[in-house]
Amino acid sequence: MRNQFSRRKYVLGGLVVIVAIVFLIKLVAIQLVNPRYKLSANNNSRHRQIEYPARGLFLDRHGKVIVFNQAAYDVMVIPKQILPFDTTELCSMLNLSVDELKSGIVSARKYSPYQPSVLVRQLSAIDYARFQEKLFKYPGFYVQGRAQRAYQSDIAPHVLGYLGEVGVQDLRGDKHYSTGDYIGISGLEKQYENLLRGKKGIRYFLVDVHHQRQGSYEEGRFDTLPEPGKNIQISLDAQLQKYGESLMNGKRGSIVAIEPSSGEILAMISSPDYDPGILVGRERTPSFNKLKKDSLDPMFNRATMSRYAPGSIFKIVQALIALEQGAINENTGFECNKNLIGCHNHPEATNVKKAIQYSCNPYFFQVYKRIIQPGIYSNIFRDSEAGIEVWREHVLSFGLGSGLLVDLPNVNGGFIPDAEFYDRWYGRRRWAFSTIYSNSNGQGEVESVPIQIANLAAIIANRGFYISPHFIKAIDGDITTPEEYTQIKQTTVSPKYFDIVVEAMHDVVWEPFGTGRRARIPGIDICGKTGTVQNVHGEDHSGFFAFAPKNNPKIALAVYVENAGGGGEWAAPIASLLIEEYLTGEVLQIEKENRILDFNLY
Amino acid sequence: MADFRKNFLARVDWITVIIYLVFIAFGWLNIYATNYQEGQELGLFSMLSRHSKQFVYILAALILAIVVLIIDSKFWVLFAYPVYGVVVFFLVLVLFLGREINGATSWFFIGSFSIQPSEFAKIGAVLIVAKILSQFNFSVHNWRNMTLLFGAMLLPSVLILLQNDTGSAIVYFALILVVFREGLNETFLIFGVIGIFLFLMTLLIPFSVLVPLVSLSALIIVSLKEASFRVLLFGALIQVLMFVALIGVSLLGNLELNAEQLVGFAAIASLPVYLWIIWQKRLRSLFVILSVWAVSLLLIASVDYLFNEVMEDHQRSRINQILGFESDPLGRGYNLNQSKIAIGSGGLTGKGFLKGTQTRFNFVPEQTTDFIYCTVGEEWGFAGSSFVILVFVGFLLRLLYLAERQRSVFSRVFGYGVFSIFFFHFFINIGMTIGLVPVIGIPLPFFSYGGSSLWSFTFLLFIFLHLDTDRFDVVA
C-alpha cells in the first residue's frame, strides 16, 4: 500500500503553515513596526508645490512705486521623463551651450530622477514665450513662474539692496526658506526681509510615478494660500535721490539728507553706484562679479560705511560742549596763534560765533584744551583722564562714535577715543591734552561716517535733539513707525546754546570771510559748515554739512566728495543745489549746477 | 435523475467553492482599486480598462467551472495523455507563432484577445503526473519509471524556458512535492532543499552570519536526536572556544584575520573535536548529521569563494538578475523597494478602499498582475493582507485534506498536484512582494489580472473538485 507515505501530508501541511507564519512575521515588520515605508510612500506620491507669494513693493515718500515685481520663469526638468529631443533647438531657445545642457541634466539626475530640478533660472518673458510654444516637443521639461525684482529707475542701489539665493545659514536658521529661494542680501531688502517676503502657500497634489498630477490631496484640506509680502513706503524722495545721484556722477563720495523733525532719510547717495536692475535674473552672476572686481567698489555704501575724520565740522560739537561745560561763554575770544596749530588768514575771532564762521583752528585748540583739562586736578595727566570721559559722553550724545541706530544693515559707528584707548597707546597717565590736541579740529583719532554728520546737521537744525535716521515710513499703508524711530533723543547740551551755533552756521554761508559762501541760495536761509578732511594719501576730501531753512528747517544733509579739495569748493555747492531742489522743486542756479555736472574725478 | 443531481450538488465541497468565490471577488476589487482614478467615473463595461476585462474573465471562469462540474470526471482520467499532447503542441507552436511581450514569447493573439498557453500547460502536467503515478506497476524505485515521470513533468518547463519565461518554467518543479508524497526518498529531497537553500543563503547572508547559523542548526538537530541539551551546550562551547582561541592566535601572530575567516576556521577546527567525541561514544547516526554539516560548510565556502573571487563582475550581475536580485532596469531593487513601500505604508488597517497612492499611481510595476498583493497590503493594511494569507492557508490545507480522502491514486495525485501548484504560486508571489523571495514574475492565483491564469487555475481546482465529488464512484 502506497499510503505508507500518507504521514508526509503533515510535512506538506507543516510547510504551508511555516511559510504563512514567516509571511505574517514579515508583514508585522513592514506594516506595523517599521515606519520607513509609510514615509517613503508619502515622499513618493505627495507632491508639495510651493506657491510663492509676491514680494512686497517699495514706494517712495510720495507713494510712487520704485521697486516692483516682474514675472520670470524657471525652466524645470524631470530627468526620468525626458525623451530624445532636438538638443540644438532647445539650446538655442534657452541660450545654453550643449555642454551646459548636458551637465545641467546630469546634475538634476544626480539630485533625483523623479523630482523636478531647475535647469535654467529666470528666463525672460520673451524667451519664455518662445519656449512655451515648443514646450510640447520636450517631455520632461516645464516652466515654473516666479517673480523677480524690477526697478522703476536706476536709483538708490545701496539703499534698496539686492536679493540672492538663500545661503546655508539662513536655510538652517529659518523654516521659511528652501534651497533656491531668494532672500534680501543687503540694504532695505535685507533689513525688512521678514516683512517683504510674505508667507508661502503650499498645495499638495497626488502624483503618479511619472510625476503627473492625479488630483488634490485630501481635497485640499492641508493647502494654504500664499500671503503676499507687505509693501513698504520709505522716506526716500525719489526725485531728490535721482538729482543727487546725477550731481555725484563722476565723483567719489556720498550724500545723506534727513528731514530733521522726523529723522526720515530723504536721500542717500553713494557714488560711484550701479543700476540695481543688473543684479536680477540671468545677468546677476556676471554683473555681480564685474561689480566686485571694479576697483572703485561701486557696491560699497560710502554713506554708512566710509569713515572720515569729521574735520572742521567737528568744531560745532566742540563749541557746544565747551559752552555747556562753561569752558567758554558766548563772548570768549582767542587769538589766532598759528604757533599752536596751523590756520589760514582771517579776521580775529573775538567770540565763538566768529570762530566758527572763520573756522579758526587755534581758537578750537584753546577750547578743546579747556574741555580736556578743566583744572579739576592739578596733575594734567589725571585732569585729562577725567576730562576726556566727560567730553566723550557729550560727543556720544550727538550720535557719534558707536550707537547711531539706522534701519540698514552694515552701518559703521565711526570712532570717538576714550581714556582707555590712549592708555593702551601711550600708557596710563602718560598722555594729556598736548598729546591729543588734533581732535580739537576734528582730525586726530576722531572718525565719523557721513550719515552721522547728516544726523549732526539735523541735531543743530532741531536745536538739540534727533530722531534716529530711518527709511521706514509706512508698512502696507500703516504709518505707525516703529517706536525706536519716533523717540526723541536729546543731546547733553542744553538747547539754548544751539542758537549760537545756528547763527554761526548762518554766517559761515552768508557773511564775508565765511568758508561756505558757495552754498548760498537766493531766497533760502541756509546754514552750513565746511569740513576739509585731511588725507595723507592724496587730495583732501571735501565735506560740508548744512540745513535749511534756518527757522523751521526742512532738510539737513551732509555731503562728502573724496579727493576734491576744500569743503567749500565742491561739497558746499552740491549741498545748496540739493536743498534748492528739495525746497523749491526746481534748480535755478544753472551755472553752479553745470560746474558740478562738468566736474569729473574719475 | 433529480435525486442524483441533488446528491451530486450535496457532495461538492462547498467550502472550497466559497473560498474560490471570496478570492475572485476580493481579487477583482483590488484590480478595480488599482485602476481607479479620482474624479474619473469608470464604467463597469468600458472594455478598455482592466477591471472590466477581468469582470468578463471571471464570468467566463464561472461558466467554465460549471462546465467542468458537468463533464464526466472520467474524461480527464481517460484523456490525460491527449490533453497533455495538446498543451505541449501549443507550447511548441507559440515559439513560432507567438508574440513577444516583455521579452517572453508566450502569447497567442487572436484579434485583440491574447492567450498564454504556458498557463494551461499546468493542467496537462498535473494530469500526466497523476496518470503516470497511478499506473498499476509504477514504482519510485524504478529508474525507468522515474525518468519517464520527470521527463513528462519537466518537458513543459523546458519549452517554457525556451519562451524566455523563467518564472512560469520554475512552477513545474513544485510537482516534486507530489512525487515526495508518493514515496520519493526523503534524503534526495532534503539534500536538494538544503543545497538550494544554502546556495541562496550564501548569496543573501554574509558568510560570517551564515556559518554560525548552519553550525547552530546542526547542533540543535544533534541534540534533538540525542534528546540531550548538554550536547547542544557542549558543542556550542567548543565553537566559541575555538573562535576565542583563533582571535588570540591571530592577535599574537599578527595575522589580521577578518571576521569571516575567524568564523570559518573556528567551524572547521571544531570538526575534529566533534569527530573524536563521536568516535569515543560510538554514535553512528550522528556521523551522518555531522557529515551533512561539514558538506554544508564546504558548499557555503565554495559558493562564496566562487561568487566573490572567481567570477567577473558582469557574471555576478547576471546571476543576480536570474535570481531576481537585480531584476529591474530602473535600478537595482526598484520593484521590490516600491512593493515593500506600498505594502508597508498600509499599516494596520490600510488606507481604505480606493485610497492607495502607491499602487494607483503606478509606483509599483506590474501592479495588477504580479504585484496585486501590494494593493491588498496598501488599501487593506495588515488586516487585509494577513486575511489573504490565512484564507490561503485554509485553502491549501483544505486541498491537502481533500487529496488525502481520495480513494483513487489518480485523484489523490491530481489533488496533490493542484495543491503543489497553488502553494508554489502563493509562496513565490507573496514572498516576492514582501521581499522574502527573489523577484520571479508569476501570478497570485485568483487575484492577479489575466484570463489565462484565472481559467487555468479554475480548471485545475474544479477538475479536482469534480474528482472529489465522484470519489465514491471509483474503486481504489
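This is a predicted model: local features need pLDDT of at least 70, side-chain atom pairs count only at pLDDT 80 or more; totals for chains, interfaces and linings use all residues.
## Chain A at a glance

Let's start with the overall make-up of chain A. Of the 602 residues in chain A, 43% are buried. If you take the contacts in chain A with a separation of 6 or more, 70% of them are between residues 24 or more positions apart.

## A five-stranded sheet in chain A

Chain A has an open sheet built from five strands, in the order 12-11-18-17-16, with antiparallel pairing. Strand 12 (264-271) and strand 16 (527-533) of chain A each have a single partner strand, so they sit at the edges with one side lacking a neighbour in the sheet. On average, and ignoring direction, neighbouring strands here are turned by 10° against each other.

Look inside the sheet and you'll find strand 11 (residues 253-259) of chain A paired with strand 18 (residues 555-561) of chain A, antiparallel, over six bridges. As one example of who faces whom, A:Ser254 is opposite A:Tyr560 in strand 18 of chain A. Helix 21 (residues 571-584) of chain A packs on this sheet and touches strand 11, strand 12, strand 16, strand 17 (541-548) and strand 18 of chain A. The direction of helix 21 makes about 145° with that of strand 18 of chain A.

## Loops with something to spot

One joins A:Ser271 and A:Pro272, with omega at about 0°. A:Pro272 belongs to the loop between strand 12 and helix 11 (284-293) of chain A. Another cis bond runs from A:Ala548 to A:Pro549, with omega near -15°, and A:Pro549 is in the loop between strand 17 and strand 18 of chain A.

That loop between strand 17 and strand 18 of chain A also holds A:Asn552. A:Asn552 isn't a glycine, yet its phi is positive, at about 55°. It counts as exposed because it has 9 C-beta neighbours inside 10 Å. A:Ser359 is another non-glycine with a positive phi of about 55°, found in the loop between helix 14 (352-358) and helix 15 (361-372) of chain A. A:Ser359, though, is buried, with 28 other C-beta atoms within 10 Å.

## A buried valine

Now for a residue inside a helix: A:Val395 is part of helix 16 (residues 380-396) of chain A. It counts as buried because it has 25 C-beta neighbours inside 10 Å. Leaving out residues up to four places away in sequence, A:Val395 touches A:Val317, A:Leu400, A:Gly401 and A:Ile416. A:Ile416 is 21 residues from A:Val395 in sequence, and their C-alpha atoms are 7.8 Å apart.

## Where the chains meet

Between the two chains, 32 residues of chain A contact 40 residues of chain B. On the chain A side, helix 1 (8-33), helix 2 (36-45), strand 8 (201-207) and strand 9 (213-216) each supply at least two residues. Helix 1 of chain A gives the most, with 16 residues. By class, the chain A side divides into 17 nonpolar, nine polar and six charged residues.

## Helix 6 of chain B and its partners

Over in chain B, helix 6 (residues 117-133) and helix 7 (residues 143-162) have axes that come within 9 Å and cross at roughly 175°. That angle makes helix 6 of chain B roughly antiparallel to helix 7 of chain B. Residues in this contact include B:Ala121, B:Ala125 and B:Ile128 of helix 6 of chain B, along with B:Leu149 and B:Met153 of helix 7 of chain B. The contact has twelve nonpolar, two polar and no charged residues.

Helix 6 of chain B also meets helix 19 (residues 451-469) of chain B, with axes coming within 7 Å and crossing at roughly 20°. Helix 6 of chain B and helix 19 of chain B are therefore roughly parallel, and their crossing is right-handed. Among the contact residues are B:Phe120 and B:Ile123 of helix 6 of chain B, and B:Phe459 and B:Leu460 of helix 19 of chain B. By class, this contact has five nonpolar, three polar and two charged residues.

## A three-stranded sheet in chain B

Chain B has an open sheet of three strands, ordered 1-2-3 with antiparallel pairing. Strand 1 (99-101) and strand 3 (113-115) of chain B are the edge strands, each pairing on one side only. Strand 1 of chain B is joined to strand 2 (residues 104-110) of chain B by two bridges, and B:Ile101 has B:Ala104 in strand 2 of chain B as its bridge partner. Neighbouring strands of this sheet are turned by 50° against each other on average, direction ignored.

Note on methods: Residues are numbered from 1 along each chain as its sequence is written. Chains are lettered from A and ligands numbered from 1 in the order in which they are written. Axes are lines fitted to C-alpha atoms, for helices over the stretch in contact, and angles run from 0 to 180 degrees between N-to-C directions. Helices (H or I, at least four residues) and strands (E, at least two) are DSSP runs, numbered from the N terminus. Angles under 35 degrees count as roughly parallel, over 145 as roughly antiparallel, 65 to 115 as roughly perpendicular and the rest as oblique. Two residues are in contact if their C-beta atoms, placed from the backbone, lie within 7 Å. Ala, Val, Leu, Ile, Met, Phe, Trp, Tyr, Cys and Pro count as nonpolar, Asp, Glu, Lys and Arg as charged, and the others, Gly among them, as polar. Two strands pair if DSSP finds at least two bridges between them. A crossing is left-handed if the near helix is turned anticlockwise from the far one by less than a right angle, and right-handed if clockwise. A residue is buried if 20 or more other C-beta atoms lie within 10 Å of its own, exposed if 12 or fewer, and partly exposed in between; C-beta atoms are placed from the backbone.
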